[in-house]
Amino acid sequence: MNEQLQFLANRNSAPKLCAPGPNADQMAQMIKVAMRAPDHARLRPWRFLTVAGERREALGGLLHEALLQRNPDADETAQAKARNSPLRAPLVVVVICTLSEHPKVPPIEQRQSAACAAHGLLLAAEALGFAGIWRTGDAAFDRTFMDAMELAANEEITGFLYLGTRDGNAKPLPDMNPDEFNRYW
Ligand SMILES: Cc1cc2nc3c(=O)[nH]c(=O)nc-3n(C[C@H](O)[C@H](O)[C@H](O)COP(=O)(O)O)c2cc1C
């Protein structure tokens with residue numbers, strides 16, 4: 001494999017992240033990469049909310065409130081997990097899919113495009129020496145939470161990308177044989 005392919009083949013999510021995270025310049029570069037996602041009819045069916053520093057606590061507050069709305073009996077452990085989850089990384093990027101009506105581009109294609117953008121952002125983070133992990137969880141599908149984040153009715157959460165510096169050793173990559181997944185038909 002050449003160097004570029006090796007880089008792509010070795011992307012590895014990092015469940016444990018620490019500072020530093022990408023700065024504003026680096027984020028701008030990464031978003032540029034993300035926006036090269038394949039995009040039928042160039043609808044740009046994505047946008048990003050980057051949450052850093054103290055704003056992560058505000059995000060945690062909304063996640064906590066949304067949890068209590070979904071489950072008023074949530075125990076203290078679950079509440080603390082919701083409140084503190086954005087603090088697991090220096091930066092959390094909320095990837096949002098903005099759905100448009102289009103005669104040739106059904107919603108699934110727009111969702112796939114936003115998902116590709118999320119993947120592009122993870123790859124770009126790694127290219128800059130950072131690491132990340134894509135998470136969802138109940139809040140990602142919770143309209144109350146989306147409203148609190150001021151998403152429009154035609155918007156959805158594609159994922160929360162936690163970004164920063166890998167904390168500890170990289171986990172081993174799975175050994176997957178391409179021939180098991182690809183056949184010439
Ligand atoms: C749409 C989507 C949602 C995910 N949600 C979570 C999640 O909520 N929590 C989690 O631990 N991993 C989640 N993952 C999986 C991780 O991002 C990651 O892929 C997994 O830990 C395997 O690591 P790898 O990507 O390095 O193989 C999600 C992945 C995708 C594509």
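**Note on the predicted model: ligand surroundings, annotated residues and salt bridges**

1. His-119 touches Arg-11 and Trp-134, leaving out residues up to four places away in sequence; contact here means heavy atoms within 4.5 Å. His-119 is placed in helix 5, where helices (H or I, at least four residues) and strands (E, at least two) are DSSP runs numbered from the N terminus. With a relative accessible area of 37%, His-119 is partly exposed; buried means under 20% relative accessible area, exposed over 50%, and partly exposed in between (1.4 Å probe, protein chains only). His-119 and Trp-134 are separated by 15 residues in sequence and by 8.5 Å in space, C-alpha to C-alpha.

2. On the basis of the note: this is a predicted model, in which local features need pLDDT of at least 70 and side-chain atom pairs count only at pLDDT 80 or more, while totals for chains, interfaces and linings use all residues. Residues are numbered from 1 along each chain as its sequence is written, and side-chain values use heavy atoms, with hydrogens and water left out.

3. Which residues surround the ligand? They are Arg-11, Asn-12, Ser-13, Ile-133, Trp-134, Arg-135, Thr-136, Gly-137 and Lys-171, a residue being near a molecule or strand if one of its heavy atoms lies within 4 Å of it. A polar side-chain atom of Arg-11 is 2.7 Å from a ligand oxygen atom, and a polar side-chain atom of Asn-12 is 3.4 Å from an oxygen atom of the ligand. For Trp-134, a backbone N or O atom lies 2.6 Å from an oxygen atom of the ligand. Such a polar contact is a pair of N or O atoms within 3.5 Å; within protein, one must be able to donate a hydrogen and the other to accept it, and residues adjacent in sequence count only if both atoms are side-chain atoms.

4. The "binding site" feature in UniProt (unreviewed entry) lists Arg-11, Asn-12, Ser-13, Arg-36, His-40, Trp-134, Arg-135 and Thr-136. These residues do not all gather at one spot, because they span 126 residues in sequence and the farthest two C-alpha atoms are 27.9 Å apart. Of these residues, Arg-135 and Thr-136 are included in the lining of the largest pocket. On a 1 Å grid over the protein atoms alone, a pocket is an open set of points where a 1.4 Å probe fits, with protein on both sides within 12 Å along at least five of seven lines; lining residues have an atom within 4 Å of a point. UniProt positions are given in the numbering used here, feature names are shortened, and annotations may be inferred rather than shown by experiment.

5. Two of the listed residues may be described further. His-40 sits in the loop between helix 2 (24-34) and strand 2 (46-52) and is partly exposed, at 42% relative accessible area. Leaving aside neighbours within four places in sequence, His-40 is in contact with Lys-104, Val-105 and Glu-109. Arg-135 belongs to strand 4 and is partly exposed at 24% relative accessibility. Not counting residues up to four places away in sequence, Arg-135 touches Pro-15, Arg-88, Gly-159, Phe-160 and Tyr-162.

6. UniProt (unreviewed entry) also places "domain: Nitroreductase" at residues 22-164. The end C-alpha atoms of this span are 7 Å apart, and the span is 44% helix and 21% strand.

7. A salt bridge is a side-chain nitrogen of Lys or Arg within 4 Å of a carboxyl oxygen of Asp or Glu. The count by this rule is six salt bridges. One of them joins the side chains of Asp-142 and Arg-70, at 2.6 Å from N to O. This pair links distant parts of the chain, 72 residues apart: Asp-142 is in the loop between strand 4 (131-135) and helix 6 (143-148), and Arg-70 is in helix 3 (residues 55-70). Asp-142 is buried, at 7% relative accessible area, whereas Arg-70 is partly exposed at 36%.

8. Arg-111 is partly exposed at 37% relative accessibility, as is Glu-156 at 24%. In the salt bridge between Glu-126 and Arg-166, the closest N and O atoms are 3.9 Å apart. Glu-126 is buried at 14% relative accessibility, while Arg-166 is partly exposed at 25%.
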